[in-house]
Number of protein chains: 2
Amino acid sequence: MIEQLKILVSEYVNVNEAEWSVLSESLEIKEYKRGELFLKEGDFCNYVGFVNKGLFNFYHIKGGIKHIRGFFFSNNLISNYPCFLQKNKSEFYIEAMEDSSITFIHRDALLMLHKELPMVQEFSRVIVESLYLEVSAKYESFFIKTAEERYMDFVQGKPELTKKIPQYMIASYLGITPEGLSRIKKRVS
Amino acid sequence: MIEQLKILVSEYVNVNEAEWSVLSESLEIKEYKRGELFLKEGDFCNYVGFVNKGLFNFYHIKGGIKHIRGFFFSNNLISNYPCFLQKNKSEFYIEAMEDSSITFIHRDALLMLHKELPMVQEFSRVIVESLYLEVSAKYESFFIKTAEERYMDFVQGKPELTKKIPQYMIASYLGITPEGLSRIKKRVS
């Protein structure tokens, strides 16, 4: 499973065997059953992970209602990254939607590696750049796109994923009602 | 003016005189009159800058209407950073709202410095982390905050800046109508 992460890292930065050997000593693997939490409200976000397999959702609870704010899927990073960077307590939950597996690293180990291995520093930079681009596009889409266009972006970006996710979660994620989503789906089908 | 940038850099990373001397060779300074553009729609975003003094706004034009998406002010970075990272053409304008000055660097020079000086790589990482945190908070605020709360966040975050900015621009930035903003201001005053 750690090999899978190595492939991802190699897509972004050059990494040799010696560097990988040092880095992989700080990695841990954990399995999650469906419904199990990677993070819960009030926890410190000390870890950033990589989803070896499975699917997670990212939500907060307000007035007893689950508000879905994101999904983490296979071959992607997983964390409440703002919280990880700011070292504060999470207002969000991260929950396995199916049996899943994560390779993760503790913040302290990562910060040590930044000093020890320039490629880790570089990898952290390109990762946060890609997270920044993703959230910037989502933020701007609120101003320049309709709910229908945002739904199409979501589906086209992750077609396989979309099939696995209940409609009410997609509606919540897009900030629209389930009825609004049904109307959009009728229009675009 | 370059000293001002050095202070900012030093707040984030350790930088010695030799490193600063190499870095500062790649920096340029330019003055902008009120109304002058740092970036226009269709331009490649090859530069990232630092506002030595002044104030800029960041907007796009749709259906003949200026939609304000951000502000850049003294002692802060300035760029269409998503566009800078992706090396594509800008859909946005960046315009001086008053006589201003920017210290800037070309992307190619910055990428060379990433290889040459680890502190530049580290600085780029912490800068994009702070941009990521800012846009993540703005994005989440659409789901968890009222327009009034978002207005208060804006004012409290930059009280001095707010006084300099016309109300219609603040309304546009917050994604509300000028009338909506007037009602909010009456309620909170």
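This is a predicted model: local features need pLDDT of at least 70, side-chain atom pairs count only at pLDDT 80 or more; totals for chains, interfaces and linings use all residues.
**Ground rules.** I number residues from 1 along each chain as its sequence is written, with chains lettered from A and ligands numbered from 1 in the order in which they are written. Local features need pLDDT of at least 70 and side-chain atom pairs count only at pLDDT 80 or more, while totals for chains, interfaces and linings use all residues.

**Entry 1: the two copies.** A turn of 180° with a shift of 0.0 Å along the axis gives an RMSD of 0.0 Å. The two copies are thus related as by a two-fold rotation axis.

**Entry 2: where the chains meet.** I took residues as in contact if their C-beta atoms, placed from the backbone, lie within 7 Å. Chain A gives 23 residues to the contact and chain B gives 24. On the side of chain A, the elements giving two or more residues are helix H3 (81-86) and helix H5 (118-144); helices here are DSSP runs (H or I, at least four residues) and strands are runs of E (at least two), numbered from the N terminus. H5(A) brings the largest share, 17 residues. I sorted the side of chain A into twelve nonpolar, six polar and five charged residues (Ala, Val, Leu, Ile, Met, Phe, Trp, Tyr, Cys and Pro count as nonpolar, Asp, Glu, Lys and Arg as charged, and the others, Gly among them, as polar). Of the interface residues of chain A, 100% are also interface residues in chain B, so the copies meet through the same surface.

**Entry 3: a sheet in chain B.** Which strands sit at the edges of this sheet? I first read the order S1-S8-S3-S6, an open sheet of four strands with antiparallel pairing (strands pair if DSSP finds at least two bridges between them). The edge strands are S1 (28-32) and S6 (77-78) of chain B, and each pairs on one side only. S3(B), residues 47-53, joins S6(B) over two bridges, and B:Phe50 stands opposite B:Leu77 in S6(B).

**Entry 4: two positive phi angles.** A:Asn75 is not a glycine, yet its phi is positive, about 70°. I found A:Asn75 in the loop between S5 (65-73) and S6 (77-78) of chain A. Is A:Asn75 buried or exposed? A:Asn75 is exposed, with 12 other C-beta atoms within 10 Å (20 or more means buried, 12 or fewer exposed, and in between partly exposed, with C-beta atoms placed from the backbone). B:Lys87 also has a positive phi, near 55°. B:Lys87 lies in the loop between H3 (81-86) and S7 (93-96) of chain B, and counts as exposed with 10 C-beta neighbours inside 10 Å.

Notes: Copies are superposed by least squares on the C-alpha atoms of residues with pLDDT of at least 70 in both. Two residues are in contact if their C-beta atoms, placed from the backbone, lie within 7 Å.
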